[in-house]
Amino acid sequence: MKRAWWKECVVYQIYPRSFYDSNSDGIGDLRGILQKLDYLKELGIDVIWLCPVYRSPNDDNGYDISDYQAIMDEFGTLADWEELLAEMHKLGIRLVMDLVVNHTSDEHHWFQESRKAKDNPYRDFYIWHPGKDGREPNNWRSFFGGSAWQYDEPTREYYLHLFSKKQPDLNWENPRVRREIYQMMDWWLQKGIDGFRMDVINMLSKVPGLPDAPVVSADRYHFGGQHFVNGPRLMEFLTEMKQKVLSRYDILTVGETPFVTTRDAIELADEENGVLKMVFQFEHMDLSAEIGAEVGTTKPWSLLHLKEVMTRWQQDLENRAWNSMYLGNHDQPRSVSQFGDDGQYRVESAKLLATFIHMLQGTPYIYQGDEIGMTNVAFESIEDYRDVATRNMYREAVEEKGVDPNLALQVVHAKSRDNARTPVQWDSGEQAGFTTGTPWIKVNPNYKEINLADSLADPDSIFHYYQKLIQLRRENPVIVYGSYDLILESHEEIYAFTRTLEEDRLLVILNFSRNSPVFHLPDSISFVSTELLINNYEVNPDKDIHEITLRPYEAGVYRLK
Ligand code: GLC
Ligand code: CA
C-alpha cells in the first residue's frame with residue numbers, strides 16, 4: 001500500500017464540551033484544550049479530531065450549526081481557536097475539524113430566510129414540501145424519533161429533518177448551497193487546518209420525489225435509508241467537492257458513513273482516485289444494536305461475528321482503500337463497557353481493545369477518556385441525561401409505546417450517547433477536576449477510581465499502555481502497512497491474526513473473554529525465534545508461544561523471526 005501521513009498517524013477525538021473547562025462555567029472549551037495539549041503530546045497522538053465548535057444553539061451539542069464561520073460562544077473566540085491551532089502545529093499535532101453539511105441549525109440565517117416565504121431567495125436551500133392528505137409528505141422516521149418532517153406555519157409547508165427538528169436538511173440539489181459550502185470549507189482550509197471529519201456525509205443526496213419508506217412495523221414512521229443513504233447524486237456531489245476544494249490540500253478526510261458496505265467504502269475512498277481518504281463504517285458497532293435501534297432493543301454480540309465483520313473489512317480494502325479503526329466515539333457507549341468488561345477486568349480489557357484497534361490495518365481513532373478506561377454511566381433519572389436523541393427516544397418509548405420506565409432506563413444505561421459524554425476524569429478532586437463550577441452533565445461517580453492523575457502515576461496503567469502502542473506503531477511499518485491474515489477463525493474466545501510486511505511478521509493474540517482458553521499456534525506458521533512487542537500481563541519474553549494458556553482478556557503481540 002502507498003505510504004501517506006494519514007495512514008501512519010493516530011487520531012484522538014475531542015468532544016470539547018466534556019473535555020476540560022478553563023473558566024468554571026461547567027462547559028469544556030477551547031482554552032481548556034489548549035491547557036491540555038502537553039498531555040496529548042505525552043500520550044503521543046498525531047492528530048486531533050475536534051467535534052463541532054461552531055456557533056450553535058446546542059440542540060444537538062454543536063451538530064446544529066447556526067454560523068459555520070464563527071465559534072460557539074461557550075467555547076471561546078476565533079482568536080482562541082487560532083491560538084489553539086498554532087500551538088498544536090508547534091507541537092506537531094494536526095487538526096481535523098468536523099464538517100456538518102447535511103443540515104444546519106434552524107437558527108442559521110439561511111433557514112431563517114428560507115422559512116419566511118415560498119419565493120424567498122433562500123427557500124431552496126432546504127427541502128420543503130406541502131403535506132399529503134393533511135399529513136407529512138412521506139412516512140420517514142427521524143433518527144432522533146418521530147417524523148422526519150416538521151410543519152412550519154408561515155408558509156404552511158413541511159421541511160425535512162433526518163435528525164432533530166432543529167436540524168433542517170440542506171438541499172444539495174441546489175448549486176448555490178454547494179457553492180456556499182465549498183467556500184466555507186476553503187475558508188477553514190486557508191486557516192491551515194489539516195482535514196475534515198464529515199458528518200453523515202453519505203446522506204446528502206435524496207432520491208427525487210422522496211418516496212415512502214417500506215412499512216416494516218405497526219409504527220407510523222419508518223426508516224427511509226434506501227432513499228437517502230448513498231443516494232443517486234452522492235458521488236457526483238463529492239466529486240465536485242473534491243475538484244473544487246479537497247484536491248488542492250494535503251489533508252485527512254474521513255466520512256462518517258452509516259450503513260456502508262466495503263464496496264461503498266472502496267467507491268468513496270478508493271486508493272487511486274477516491275473522493276475521501278477513508279470512511280467510518282458501522283457494521284461492527286451495529287453488532288449489538290438493531291438497525292435503527294429504538295429504546296427497548298439491545299442484543300448481545302459474538303466474537304465470531306466481530307471477526308467476520310472485521311476480517312471482511314481488512315481483506316476487502318487491502319490495496320484498494322484504507323480503514324479507520326475505532327470502537328467508540330461521542331455517539332456510542334464506552335468501548336470498554338460495550339466490547340470489554342467494565343468491572344473486574346476493566347484494565348485488562350481496555351488494554352486489549354486498545355491493542356485491537358492499533359494492530360489492525362487502518363488509522364486508529366482514540367476517543368477521549370478511553371485512554372484511561374472510562375466506562376458507561378447509569379444516572380438514576382432520565383432528567384440527568386442531556387442528549388436530544390436519548391431524551392426523545394425515552395419519551396417516545398414510555399409515553400407513546402407504553403414501555404416500562406425502568407426497562408427504558410436500562411436501555412438508556414446501556415446505549416445512551418451520554419455514556420461517552422460525561423466529563424473527562426482528570427483527577428480525584430471535586431467534579432473529577434473537569435471544572436470548578438457545575439458541569440453541564442454530571443460526572444461519572446467512578447472518577448475516584450478512574451482518573452488521569454492516577455493513570456499518569458502508575459507505570460502499568462491503561463494510559464501508559466496506549467502510549468506504548470502508539471510508539472510501537474510509529475517504529476514498526478508492519479503495524480501500519482502489513483497485510484492481515486486471520487488465524488483460528490472459528491475460536492469463540494480468541495481473536496488472533498498475523499500482520500506481514502515483506503520479511504517482517506507479527507502475531508497478535510487477543511483473548512476476548514474472562515476465561516482462560518488455550519491458544520494453539522497453527523502448524524502453518526513457522527519461525528525461528530520470537531520477540532515480545534507488548535503484552536497486557538507480565539510475561540516471560542522467552543516463553544514458547546506454540547501453546548499458551550491465556551489469562552482473562554490477555555493481549556499479546558509477538559514478532560516472528
Ligand atoms: C452524526 C454525529 C452525531 C449527530 C448526527 C447529526 O451522527 O456524529 O453526533 O447527532 O450526526 O449531526
Ligand atoms: Ca468553559
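How do the residues of the shell around ligand 1 divide into nonpolar, polar and charged? They divide into 4 nonpolar, 3 polar and 7 charged. Here Ala, Val, Leu, Ile, Met, Phe, Trp, Tyr, Cys and Pro count as nonpolar, Asp, Glu, Lys and Arg as charged, and the others, Gly among them, as polar. The notes below take up this site and then other parts of the structure.

1. Basis of the model. This is a predicted model, in which local features need pLDDT of at least 70 and side-chain atom pairs count only at pLDDT 80 or more, while totals for chains, interfaces and linings use all residues; side-chain values use heavy atoms, with hydrogens and water left out. Residues are numbered from 1 along each chain as its sequence is written, and chains are lettered from A and ligands numbered from 1 in the order in which they are written.

2. Ligand 1. Of the 14 residues around ligand 1, those that come nearest are D60, D199, E256, H330 and D331; a residue is near a molecule or strand if one of its heavy atoms lies within 4 Å of it. A polar side-chain atom of D331 lies 2.5 Å from an oxygen atom of the ligand, and for E256 the corresponding distance is 2.8 Å. The side chain of H103 has an N or O atom 2.9 Å from an oxygen atom of ligand 1. Taken alone, ligand 1 exposes 310 Å², and the protein buries 96% of that. Accessible areas come from the Shrake-Rupley method with a 1.4 Å probe; for residues, only the protein chains shown count as cover.

3. I27 counts as buried because its relative accessibility is 9%, and D29 counts as buried at 3%. Buried means under 20% relative accessible area, exposed over 50%, and partly exposed in between (1.4 Å probe, protein chains only).

4. The sheet. An open sheet of 8 strands, with parallel pairing, has the order β11-β10-β9-β5-β2-β1-β13-β12. Its edge strands are β11 (278-280) and β12 (324-325), each of which pairs on one side only. Strands (E, at least two residues) and helices (H or I, at least four) are DSSP runs, numbered from the N terminus; two strands pair if DSSP finds at least two bridges between them.

5. Strand β1. β1 (residues 11-14) pairs with β13 (residues 363-367) in the parallel sense over 3 bridges. Within this pairing Y12 stands opposite I366, and Q13 stands opposite Y367. With β2 (residues 47-50), β1 pairs in the parallel sense over 4 bridges, and V11 stands opposite V47 there. Both faces of β1 are covered, with V11 and Q13 buried on one side and Y12 and I14 buried on the other.

6. Strand β9. β5 (residues 94-99) and β9 run parallel and are joined by 3 bridges, with R197 as the bridge partner of D98. β9 also pairs with β10 (residues 252-256) in the parallel sense, over 4 bridges; the partner of G195 in β10 is L252. From β9 (residues 195-198), G195 and R197 point one way and F196 and M198 the other, and all are buried.

7. Loop residues with positive phi. N58, in the loop between β3 (54-55) and β4 (67-71), has a phi near 65°, a positive value in a residue other than glycine. N58 counts as buried because its relative accessibility is 16%. L488 also has a positive phi, near 50°, and lies in the loop between β14 (483-487) and β15 (494-501). At 23% relative accessibility, L488 counts as partly exposed.

8. Two further loop residues. N138 lies in the loop between β6 (128-129) and β7 (149-152) and counts as buried at 4% relative accessibility. Its side chain reaches the backbone nitrogen of W140 at 2.9 Å. H546 is found in the loop between β18 (530-535) and β19 (547-549). H546 is partly exposed, with a relative accessible area of 39%. The C-alpha atoms of H546 and I525 are separated by 9.6 Å, the two residues being 21 apart along the chain.

How values were computed. A polar contact is a pair of N or O atoms within 3.5 Å; within protein, one must be able to donate a hydrogen and the other to accept it, and residues adjacent in sequence count only if both atoms are side-chain atoms.
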